[in-house]
Amino acid sequence: MGCERGLDLLEWICQQHPCPALASRHAPSPPNSDDPCLARSQAIYKMNESLHKDLLRKPNNDEMAATMNMRVSQFRQHLEVGTTAYGLWYPMGTSLDLIGYSDADWAGSADGTKSTSGACFYIGHCLVAWHSKKQNCIPLSIAEAEYISAGSCSTQLLWMKSLLSDYRIPSTTLTILCDNTSAITISKNPVLHSRTKHIELKYHFLRELVESNVLQLEYISTENQLADILTKPLDQKRFLHLRKAIGMNPSI
C-alpha cells in the first residue's frame with residue numbers, strides 16, 4: 001500500500017513538473033540565478049529529469065520505494081526553502097474597487113495549439129485571487145484569445161461583486177485591464193462581422209456587460225500587464241519585476 005501511494009505521489013510530481021526531455025516540444029533549462037525562486041525551479045527541473053529516467057528503467061518495488069523516499073525528501077526540501085519568507089501584504093484603508101488584469105498566450109501550449117489564459121484580481125491594491133488555465137477552444141488569432149480570456153475574467157469579477165454584496169459592501173463599476181486593443185474593440189462593437197462571427201456565443205457575454213455599463217474593458221500596456229506572469233515562462237528580469245508588481249514581497 002505504501003509503495004502504491006508513493007507511485008501516486010511520484011506520478012503527481014511528474015504531472016506538476018513534467019520532464020522537458022519527454023515532451024513533444026523541448027523547453028530550455030531554467031537559467032542559473034541567485035534568486036531563490038528561480039534557483040528552486042532549476043533544482044526541481046534537474047530532479048525531475050533524473051526521476052523520469054529512474055521510472056523508465058521500470059524498477060522493482062524495493063527500488064521504487066527507495067527512489068520514492070529520496071525524491072520526495074528532495075522535493076519537500078525545495079518547496080520549504082527559498083521563498084517561504086515571501087507573502088502578500090494587505091494594508092488597511094485600501095479602496096474596494098474590483099479590478100482584473102487579463103492576458104493570454106496565444107497558441108503557447110507545448111502539447112497542442114490551445115492558448116493559456118491568465119488573470120489577477122484585485123480589491124483596491126490588494127491581490128485576492130488569480131488563475132492560469134488552458135482555454136477550451138482554439139482561437140484563430142491573438143485578439144480572439146485575449147477576448148476569451150477577458151470573458152473568463154469577467155465571470156470571476158461578477159462573482160466577487162456578488163460576494164461583496166452579500167456582506168453589504170458596495171462596489172463600483174468592474175474594470176478589466178487588457179493589453180490588446182483589438183479585443184477591446186470587439187467588446188464594444190455590437191455588430192458581428194466576418195472576423196468575429198465564428199467565436200462561440202458564450203464568450204460574447206463580455207460584450208453584454210460592457211454595453212450595460214456593468215464592466216469596463218480598458219487598455220493597459222504590455223509592460224504593465226501583471227497577468228503576463230501567469231501565461232508563459234519569462235526571463236529573470238521580467239519575472240522578478242512582475243513578482244514585485246503583483247505584491248509578492250519578502251515579509252517584514
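Which residue counts as partly exposed at 30% relative accessibility? Lys232 does, because its relative accessibility is 30%. Here, buried means under 20% relative accessible area, exposed means over 50%, and partly exposed lies in between, with a 1.4 Å probe and protein chains only. Areas come from the Shrake-Rupley method with a 1.4 Å probe, and for residues only the protein chains shown count as cover.

The model is predicted: local features need pLDDT of at least 70, side-chain atom pairs count only at pLDDT 80 or more, and totals for chains, interfaces and linings use all residues. Residues are numbered from 1 along each chain as its sequence is written, and side-chain values use heavy atoms, leaving out hydrogens and water.

Start with the whole chain. It has seven helices and seven strands. Helices (H or I, at least four residues) and strands (E, at least two) are DSSP runs, numbered from the N terminus. Along the sequence they follow the pattern α-α-α-β-β-β-β-α-β-α-α-β-α-β. The protein chain has 252 residues, and 40% of them count as buried.

Next comes the sheet. Five strands form an open sheet in the order β4-β3-β2-β5-β6, with mixed pairing. Two strands pair if DSSP finds at least two bridges between them. The edge strands are β4 (126–134) and β6 (215–219), each of which pairs on one side only. From one strand to the next, the twist averages 20 degrees.

Follow the pairing strand by strand. Strands β2 (residues 98–105) and β3 (residues 116–123) run antiparallel, joined by eight bridges. Ser102 has Ala119 of β3 as its bridge partner. Eight bridges also join β3 to β4, again antiparallel. There, Phe121 has Ala129 of β4 as its bridge partner. The hairpin of β3 and β4 has two residues between the strands, and in it Gly124 takes a positive phi near 70 degrees.

Now turn to α4. This helix has 25 residues and reaches 37 Å from its first C-alpha to its last, close to the 36 Å expected at 1.5 Å a residue. The expected span is 1.5 Å times one less than the number of residues. Tyr167 lies in the loop between α4 (142–166) and β5 (174–178). Tyr167 counts as exposed because its relative accessibility is 60%. With Trp159 and Leu163, Tyr167 forms a nonpolar surface patch of about 370 Å² of accessible area together. Patches take residues with over 30% relative accessible area and no salt bridge, joining like charges within 9 Å and nonpolar side chains (Val, Leu, Ile, Met, Phe, Trp, Tyr) within 5 Å.

Two backbone angles deserve a look. Most residues other than glycine have a negative phi. Just after α4, Arg168 takes a positive phi of about 60 degrees. Arg168 is exposed, at 78% relative accessibility. Asn213, in the loop between α6 (205–211) and β6, also has a positive phi of about 60 degrees. Asn213 is exposed too, at 61%.

Finally, return to Lys232. The whole structure holds three salt bridges, each a side-chain nitrogen of Lys or Arg within 4 Å of a carboxyl oxygen of Asp or Glu. Lys232 meets Asp228, with the closest N and O atoms 2.3 Å apart. Asp228 also forms a salt bridge with Arg238, at 3.3 Å. Asp228 sits in the loop between β6 and α7, and Arg238 in helix α7, ten residues apart. Both Asp228 and Arg238 are buried. Shared partners join Glu223, Asp228, Lys232 and Arg238 into one network. Its Arg238–Glu223 contact is 3.8 Å, N to O. Arg238 lies in α7 (residues 236–245) and Glu223 in the loop between β6 and α7, so this pair ties together parts 15 residues apart in sequence.

Definitions and conventions
Axes are lines fitted to C-alpha atoms, for helices over the stretch in contact, and angles run from 0 to 180 degrees between N-to-C directions.
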